[in-house]
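Please consult the sequence and the structure while reading.

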Amino acid sequence: MSFLKSFPPPGSAEGLRQQQPDTEAVLNGKGLGTGILYIAESRLSWLDGSGLGFSLEYPTISLHAVSRDLNAYPREHLYVIVNAKYEEESKELVADEEEEDNDDEDDDVEPIAEFRFVPSDKSALEAMFTAVCECQALHPDPDDEDSDYCYGEEYDVEAHDGMEVDTTATVAGQFEDADVDH
C-alpha cells in the first residue's frame, strides 16, 4: 500500500506510553503485516519489520474500542475508526468526486478508514485501550462544542442551546401549596 512510509518510531520525547510488539495491522479488511504498535501522546503509529508504517493523528480518530466479537473479526483487537482514507487510489477517487459533486448537498460526508490492531498477546488489549484513551484526551476536538463538558468543565446551557435558565435557588417546600390546574 502506497501510504506506508519510512519514519522513526515515536520516542520518549513524544510521550511514548506503550510499545506493543508482534501486533498485526489490518486496514479496511486487508492485512498490512505484523509489526510494532507505538502509542504516544503525539500520535498512534505502527511500523512493520522493514521500517515501513503509518501514523494516525488523534484528532482524526473518531472511535476506538476493544473488540471481542469473534463474529466481526476472528481475533480480539483494538478497533479504530479514522476520518480519512489511507489508500492512494481512494484519494484520487475522492478528489475526482469532489470536483464533480461541488454542487451536491452531501459535502458533510467524510471518508473513513477502519483499522484493527491485533496483538499476539491479547492480554495487552486493555492497556492498549487505556493508553489510547489517555492520549486522545490530550487532543480534544476543536469542532466539538460539547467536548469541554466531557473534560470536567461546567456545561453552560444558555451558551450552547440558547435557552434561558432561571438560576435562582429553589427552597425546599416552595412548590408544595401550588394549585394544580389541568
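The points below are grouped by topic.

The model is predicted: local features need pLDDT of at least 70, side-chain atom pairs count only at pLDDT 80 or more, and totals for chains, interfaces and linings use all residues. Residues are numbered from 1 along each chain as its sequence is written, and side-chain values use heavy atoms, with hydrogens and water left out.

**Fold**
- The protein has four helices and eight strands, taken as DSSP runs (helices H or I, at least four residues; strands E, at least two) numbered from the N terminus.
- Along the sequence, the elements follow the pattern β-β-β-β-β-β-β-α-β-α-α-α.
- Of the 182 residues, 31% are buried (under 20% relative accessible area; exposed is over 50% and partly exposed in between, with a 1.4 Å probe and protein chains only).

**Nonpolar core**
- The largest nonpolar core has 27 residues, and those with the most contacts inside it are Leu44, Phe54, Leu56, Phe115 and Phe117.
- Such a core is a set of buried Ala, Val, Leu, Ile, Met, Phe, Trp, Tyr and Cys residues joined through side-chain atoms within 4.5 Å.
- Elements giving two or more residues to this core include β4 (44–48), β5 (52–56) and β8 (113–119).
- The most is given by α2, with five residues.

**Arg75**
- Arg75 lies in the loop between β6 (61–67) and β7 and is partly exposed, at a relative accessible area of 40%.
- Not counting residues up to four places away in sequence, Arg75 touches Glu24, Leu70, Val118 and Pro119 (contact: heavy atoms within 4.5 Å).
- The C-alpha atoms of Arg75 and Lys122 are separated by 8.7 Å, with the two residues 47 apart along the chain.
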